[in-house]
Amino acid sequence: MDRREFLKQTSLLSVLPWVPAAIAAVPAGRRSMLELTAREGTAQLADEGGPRTRIWGYNGLVPGPMIRVKQNDWVRARLTNRLTVATTIHWHGIRIDNAMDGVSGLTQDAVKPGQSFDYAFQVPDAGTFWYHAHTRSWEQVARGLYGVLIVDEAEPVAVDNDYVLVIDDWRLGQDAQIHEASLGSLHDWSHAGRLGQWLTVNGKPHEKFSVEDGQRLRLRVVNTANARVFTLSFGALKPHVIAFDGQPVTPRPLGKFLTIAPAQRADLIIDMAADPGESAAVDVITRREVIQVAEFVYGHTRDANAKLSAPLISRLPANPLSTALDLTDPVRTGLLMEGGAMSGMKSAILKGERRSIQELIKQGAVWAFNETVGMTDTPLVSARRGQTVVIDLRNQNRWPHAMHLHGHHFKVIEREGSAVDDDAWRDTELVQPGESVSIAFVADNPGKWLLHCHMLEHRAGGMTTWLEIT
Ligand SMILES: [Cu+2]
């Protein structure tokens, strides 16, 4: 089989190894309705032979069914709630119609147990996206309510294989069940968020990818953890980054590590070169250990003489983003990020009244944007459609935060007061302790959009605000 034949076949299949075939065929075209039932299920998070873990998942699976559509297609999905609590789905990174954004209390009412809600939206951008619960997300995402949404480019990208690596960390008890007693723990909320001690990739402890010498792979890395920033090492492999958060970037060598914050995605191109029987590891590096989470295993080479020298990695076709930032007279505002442990916040405004830190702690309201905990009646920013918005994020606490903007992608224009020259457009940016980062975007999508920390405990503890575009 030559490369072209192989491409044809993979585009027909569009099924990834970890998705059971019966639910993977998701033809999310105009006519068909994809069923996503939020319900309990079990997953083999622990090693084979260990107990299965009770999770909440879309169709009882974690990750949920992979949705794969072509650019500009429609996704029609019926969320049916078979849980005992209300829920919604947010389509992370999709520049979506506001009514379909899935934020309970802002863009829709939460879907009550036994009820359903139909989502229907067009996907303007090709790339790697995901979907997840956006009601009590700190609990619902921790329990497994998330899945991957891939939007294929209009013209197939020339790779031999296209793999997904969904990374999550779980806090499990000795019985391999989700540690429920610590859900909502004030310690987690006021520190780094809920960190797990058990890693999974694609819903299992370890993933094996079959590869061949001379192949070119696209690897889509998705961080679905509540709060953990992962550091990934690819050993001797030399990946190139071709997209961040679904948006193409000028292809660049990855460097030593991939740092990927909660909710972020990175698309990598990896050229495989080794003999049959060899393997290459993907490791998660923590302060204490190196954990192998995936392995590329080289199979029989199709034709040893057919080895091509790897062609240059070309830039993915641009998505239809409004990239013309008008920085002469933008709508500009500051966002001071305060709170958390060891950060010295003395008081903040909660529901219109200034409260002492002691009172705030009692309510888990331990984070503030511009001295205010959580949502306000008036938006942080009001902009008219087409205006450029600049937000100066100032992280004045001891913790990193993964700041996520709904409905738009933004560009980092300044870091620590210096101009940034990069063509990355992100929906989630990691802001380190003490750091100042300015982001800019064209407000081209009308509606009410959240801006929040994607460390989900931080969001629940107050790190959330909103913008209105009219
Ligand atoms: Cu945060």
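Trainee: Which residue in S12 is the bridge partner of Asn 161?

Mentor: This is a predicted model, in which local features need pLDDT of at least 70 and side-chain atom pairs count only at pLDDT 80 or more, while totals for chains, interfaces and linings use all residues. Residues are numbered from 1 along each chain as its sequence is written. Strands here are DSSP runs (E, at least two residues), numbered from the N terminus, and in S12 the bridge partner of Asn 161 is Leu 217.

Trainee: How many bridges join strand S9 to strand S12?

Mentor: Two strands pair if DSSP finds at least two bridges between them. Strand S9 (residues 161-170) and strand S12 (residues 216-223) run parallel, and the number of bridges joining them is seven.

Trainee: Which strands are the edge strands of the open sheet of six strands?

Mentor: The sheet has mixed pairing and the order S10-S9-S12-S17-S14-S15, with a twist that averages 20° from one strand to the next. An edge strand pairs on one side only, and this holds for strand S10 (198-201) and strand S15 (247-253).

Trainee: Why does Lys 70 count as partly exposed, rather than buried or exposed?

Mentor: A residue is buried if 20 or more other C-beta atoms, placed from the backbone, lie within 10 Å of its own, exposed if 12 or fewer, and partly exposed in between. Lys 70 lies in strand S3 (residues 67-70). Because 17 other C-beta atoms lie within 10 Å of Lys 70, this residue is partly exposed.

Trainee: How far apart in space are Lys 70 and Glu 153?

Mentor: Leaving aside neighbours within four places in sequence, Lys 70 is in contact (C-beta atoms, placed from the backbone, within 7 Å) with Asp 152 and Ala 154. Glu 153 is 83 residues from Lys 70 in sequence, yet the distance in space, C-alpha to C-alpha, is 6.4 Å.

Trainee: Which residues does Leu 106 touch, not counting those up to four places away in sequence?

Mentor: Leu 106 is found in the loop between strand S5 (89-92) and strand S6 (116-122), and with 18 C-beta neighbours inside 10 Å it counts as partly exposed. The residues that Leu 106 touches are Lys 448, Leu 450 and Trp 466.

Trainee: What distance separates the centres of domain 1 and domain 3?

Mentor: The domain assignment, automatic or from a database, gives domain 1 (3-155), domain 2 (165-306) and domain 3 (331-469). The contact takes eleven residues from domain 1 and 13 residues from domain 3. Taken over C-alpha atoms, the centres of domain 1 and domain 3 are separated by 27 Å.

Technical notes. Helices (H or I, at least four residues) and strands (E, at least two) are DSSP runs, numbered from the N terminus. Two residues are in contact if their C-beta atoms, placed from the backbone, lie within 7 Å. Axes are lines fitted to C-alpha atoms, for helices over the stretch in contact, and angles run from 0 to 180 degrees between N-to-C directions.
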